[in-house]
Amino acid sequence: MLLDLTREAPQAARRVVTVSPDVSSTTNLGGWLNKVGVWSARERRDWFADDAETILHWREDPNGQHIELGIAEVNLVSLLGELGATWSRWGEPLLPIGVVYDPFVERALEPWSYGIYAGGHSILIGTPSGVSLAPEGGAHQSIKTPSIGLEQPGCVTYEPAFVIDTEWTLLASLARLGKPDGTSAYLRLSTRAVDQTLAEVPADPAARERRRRQVVAGAYALRRADHPRVTVAAMGAVVPEALLAADRLYRIGVPTDVVCITSPDLLYRAVRARQGHENAESWILDQVFPCDRVTPLVTVLDGHPHTLAFLATISRVPTTALGVTHFGQSGSPAEVYAHHGLDGDSIVRAALDLVV
């Protein structure tokens, strides 16, 4: 996506500065880094430049747009705060993006939050995330970060399931940086391979634009049944499990709506706005959870279940919240999902408990 930005919007791309703590390749920044180079106060020799098999080209000079800090997340987010404040200090906004392993967002949270408080707008990307990182074991499997994103002031959080949703939310986040009424953003992403055809992006331009606006606002209806008896609201990497469960429920006579959540943060603000507690738009609630489709609700995400539990208050329906509440285990994604109750079987059982 960053490479596309250099081609489609080069003036904006020239203001992007990426920062990472020794994980540039494992967080998929390699292509961008090859394009824009690594920043250094002076040009340094690339000792591997003549190696034809080298995939990552580590070119260091004063024109580079990537900064590598080593394993020092606190330094990283402190730098993000400074880069994100240039719009107010010198009238030259930068678009800083920090990329870290998602569990280490907690380690870096306090100084990043302080930078936001001081007017430093930036984007923090946590990837890989959750127990979807199954083979690496529990130490790298984040649990609380979805809740952190929802609760952090001065920040909009997204957890998209599909590539097109990631593109739309990243562009929306970039557009909010470097202005008096701007905000930071936190994108919680996964490296799990997901079948992109499941997104069913509308071909009609008007419908596609409607989908884009809903994605940026926090949620959209991914599947609508003729006469739904239950709704499954899923977020991020586990959306395919929600669709699988919906197929199985349909076959046993339980038509199911599937809602794809992209921002619990914005949905919660919409709920509070409807209650008169916050100045925010609430139209997305009417479009995604309309009053004529009220059913019991199952929520599911690769993170702590309380992150989406508030969705049941929109229409005051019976609900079950699925998610991760204890430390992770090593295994295949399917095994780990089953262990934590995120798989299709668990979603089906939760739905049947509500409607049978």
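## Elements and model

Helices are DSSP runs of H or I with at least four residues, numbered from the N terminus. The model is predicted.

## Largest pocket

Helix H8 contributes three residues to the lining of the largest pocket, the most of any element. Helix H1 (2-8), helix H3 (30-36) and strand S5 (95-100) each give two or more residues as well. The pocket holds about 670 Å³ of space.

Its lining has 27 residues, and Met 1, Asn 28, Thr 166, Leu 189 and Ser 190 lie nearest the centre. By class, 17 are nonpolar, nine polar and one charged.

## Second largest pocket

This pocket has a volume of about 420 Å³. Among its 18 lining residues, Val 156, Arg 176, Leu 266, Arg 269 and Glu 281 lie nearest the centre. The lining comprises nine nonpolar, three polar and six charged residues.

H11 gives the most to this lining, with three residues. Domain 1 (1-188) and domain 2 (209-354) both contribute to the lining, so the pocket lies between them.

## Nonpolar cores

The largest nonpolar core has 61 residues, of which Ile 123 and Phe 162 touch the most other members. Helix H10 (residues 239-251) supplies the largest share, six residues. Both domain 1 and domain 2 give residues to this core, so it lies between them.

The contacts of Ile 123 include Leu 80, Pro 96, Leu 170 and Leu 187. A separate second core of 22 residues includes Ala 233, Val 271, Ile 284 and Leu 311.

## Gln 214

Gln 214 sits in helix H9 (residues 205-217). Its relative accessible area is 11%, so Gln 214 counts as buried. Among the residues that Gln 214 touches are Tyr 220, Trp 283 and Ile 284.

Key
Residues numbered from 1 in each chain as written. Predicted model: local features only at pLDDT ≥ 70, side-chain atom pairs only at ≥ 80, totals over all residues. Heavy atoms only, no water. Core = buried A, V, L, I, M, F, W, Y, C linked by side-chain atoms within 4.5 Å. Buried < 20%, exposed > 50% of the residue type's maximum accessible area, 1.4 Å probe, protein only. Domains from an automatic or database assignment. Contact = heavy atoms within 4.5 Å. 1 Å grid on protein atoms, 1.4 Å probe; cavity = no way out; pocket = protein on both sides within 12 Å on 5 of 7 lines; lining within 4 Å. Points joined across faces, edges and corners; volume = space filled by probe spheres on them. Nonpolar A, V, L, I, M, F, W, Y, C, P; charged D, E, K, R; others polar. Lists of a residue's contacts leave out its neighbours within four places in sequence.
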